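Hi,

Here is the structure I promised to pass on.

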Amino acid sequence: MAGSPPRSAIPQLSELDLVLETPRLRLRPFTEADVDDIWPVVSNPEFPKMMSWAAHSDRSETLGFVRAANRSLEQNAGIVWAIEHERRVIGSIGLEAMVFEMRALRIDRAELGFWLAPEHWNKGVMAEAGEAVM
């Protein structure tokens with residue numbers, strides 16, 4: 001997949017159109033109202049066993065995740081999208097730990113992270129979301 005060269009000026013993420021639409025999905029920044037949709041997934045002790053985080057033991061942890069994602073956007077350090085399917089948030093995909101550098105060449109980089117509610121696994125959802133983000 002070929003990308004375009006970096007912009008000459010470092011973009012302010014919060015000023016970009018961050019809503020991405022695909023045939024089945026809508027990706028958008030998280031809101032605090034999304035806690036109701038994602039709490040059952042992120043609080044399941046079986047869910048994050050292969051991830052770098054533990055299951056949330058309190059709804060306040062999930063709210064903290066949403067708030068941290070929004071702070072990261074405000075600080076121009078990353079963007080975490082809620083993955084909406086049929087008007088419910090079913091997962092998350094994000095470009096985090098973003099670094100915009102100017103040396104001899106512009107070097108922009110980020111880490112891609114994602115998770116998806118298990119009932120949506122093996123249906124091409126994350127591939128669709130990932131393609132939209134990239």
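This is a predicted model: local features need pLDDT of at least 70, side-chain atom pairs count only at pLDDT 80 or more; totals for chains, interfaces and linings use all residues.

Residues are numbered from 1 along each chain as its sequence is written, and side-chain values use heavy atoms, with hydrogens and water left out.

Salt bridges to begin with. I count a side-chain nitrogen of Lys or Arg within 4 Å of a carboxyl oxygen of Asp or Glu, and the whole structure has nine of them. One joins Glu128 to Arg24, with the closest N and O atoms 2.7 Å apart. These two sit in distant parts of the chain, 104 residues apart: Glu128 is in helix H3 (residues 125–133), and Arg24 is in the loop between strand S1 (20–21) and strand S2 (26–29). (Helices and strands are DSSP runs, H or I of at least four residues for helices and E of at least two for strands, numbered from the N terminus.) Glu128 is buried at 15% relative accessibility, whereas Arg24 is partly exposed at 36%. By that I mean relative accessible area: buried is under 20%, exposed is over 50% and partly exposed is in between, using a 1.4 Å probe and protein chains only.

Asp37 and Arg88 also meet in a salt bridge, at 3.1 Å from N to O. This pair again links distant parts of the chain, with Asp37 in helix H1 (residues 35–42) and Arg88 in strand S4 (residues 88–102), 51 residues apart. Asp37 is buried at 16%, and Arg88 is partly exposed at 46%. For Glu46 and Lys49 the N to O distance is 3.2 Å; Glu46 is exposed at 53%, and so is Lys49 at 55%. There is a network of salt bridges too, linking Glu21, Arg26, Arg28, Asp34 and Glu84.

Glu84 brings us to strand S3. In S3 (residues 79–85), seven of the seven residues are buried. Side chains in a regular strand alternate between the two faces of the sheet. In S3, Ile79, Trp81, Ile83 and His85 point one way, and Val80, Ala82 and Glu84 point the other. S3 pairs with S2 in the antiparallel sense over four bridges (pairing needs at least two DSSP bridges), and Arg28 stands opposite Ala82.

What lines the second largest pocket? It has 14 lining residues, with Trp53, Phe65, Glu96, Phe114 and Trp115 nearest its centre. (A pocket is an open set of points on a 1 Å grid over the protein atoms alone, where a 1.4 Å probe fits, with protein on both sides within 12 Å along at least five of seven lines; lining residues have an atom within 4 Å of a point.) S4 gives the largest share of the lining, four residues, and S4 and strand S5 (106–116) each supply at least two.

Finally, two loop residues have a positive phi although neither is a glycine. Arg87, at about 70°, is in the loop between S3 and S4 and is exposed at 80%. Asn122, at about 65°, lies in the loop between S5 and H3 and is exposed at 82%.

Cheers
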